[in-house]
Amino acid sequence: MGDSTIIKVQSAHSPRGANGQIYLANGKNVAMRMWKDEQPAEPKEPVARDYETVGYAISGRAELHSEGQMVLLEPGDSWVVPKGAVHQYKILEPFTCVEATYPPAFVHGRDGDPG
């Protein structure tokens, strides 16, 4: 029989990351996190992460800059940032999104800004 453990996480009690992310449920192979009402500001330095990220925009607007491309993110949009891709986000309007990372970004000291 496989693992039958169900994990429930209430975001009100979830740990917060150094860059404002709220860590949601995580399993052995994937983790989920949320950025809530991120405010417009100067983009942070471009980064490359050792995990793949898929995201979904809930509200607001942001630009995702990666490897010479720019994608406008608006409510209902989803995206992928490949493992190792140099990228940065520019928040245009208060932005809320959820992301899933593989392998989990929360484990083994992996932490970071969106993406």
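The chain carries 11 positive and 15 negative side chains. The centres of these two sets lie 7 Å apart. In this count Lys and Arg are positive and Asp and Glu negative, while His and the chain ends are left out. Each charge is placed at NZ of Lys, CZ of Arg, CG of Asp or CD of Glu.

The model is predicted: local features need pLDDT of at least 70, side-chain atom pairs count only at pLDDT 80 or more, and totals for chains, interfaces and linings use all residues. Residues are numbered from 1 along each chain as its sequence is written, and side-chain values use heavy atoms, without hydrogens and water.

The chain has 8 strands and 0 helices. Its order along the sequence is β-β-β-β-β-β-β-β. Helices (H or I, at least four residues) and strands (E, at least two) are DSSP runs, numbered from the N terminus.

The C-alpha trace spans about 45 × 30 × 25 Å along its principal axes.

Of the 115 residues, 35% count as buried. Buried means under 20% relative accessible area, exposed over 50%, and partly exposed in between (1.4 Å probe, protein chains only).

Strand β3 (residues 52-59) has two partners described here. With strand β8 (residues 95-102), β3 pairs in the antiparallel sense over 7 bridges. With strand β6 (residues 78-81), β3 is again antiparallel, over 4 bridges. Two strands pair if DSSP finds at least two bridges between them. G55 takes part in both pairings. Its bridge partner in β8 is E99. In β6, W79 stands opposite G55.

Strand β4 (residues 62-66) is largely enclosed by the rest of the structure, because 4 of its 5 residues are buried. It also has two pairings. Antiparallel β4 and strand β5 (residues 69-73) are joined by 5 bridges. L64 stands opposite V71 in β5, and S66 faces Q69 of β5 as its opposite residue. Antiparallel β4 and β7 are likewise joined by 5 bridges. In that pairing, A62 has I91 of β7 as its bridge partner. In a regular strand the side chains alternate between the two faces of the sheet.

I91 belongs to strand β7 (residues 87-91). This residue is buried, at a relative accessible area of 14%. A62 lies 29 residues from I91 along the chain, yet their C-alpha atoms are separated by 4.3 Å. Leaving aside residues up to four places away in sequence, I91 touches E38, Q39, P40, A41, R61 and A62.

Some backbone features stand out for separate description. The hairpin of β4 and β5 has 2 residues between the strands. E67 lies in this loop. Its phi is positive, about 50 degrees, although E67 is not a glycine. E67 is exposed, with a relative accessible area of 52%.

D37 also has a positive phi, near 55 degrees, and is a residue other than glycine. D37 is found in strand β2 (residues 31-38). At 42% relative accessibility, D37 is partly exposed.

A cis peptide bond joins Y102 to P103, with omega near -10 degrees. P103 is found in the segment after β8.

Key:
Contact = heavy atoms within 4.5 Å.
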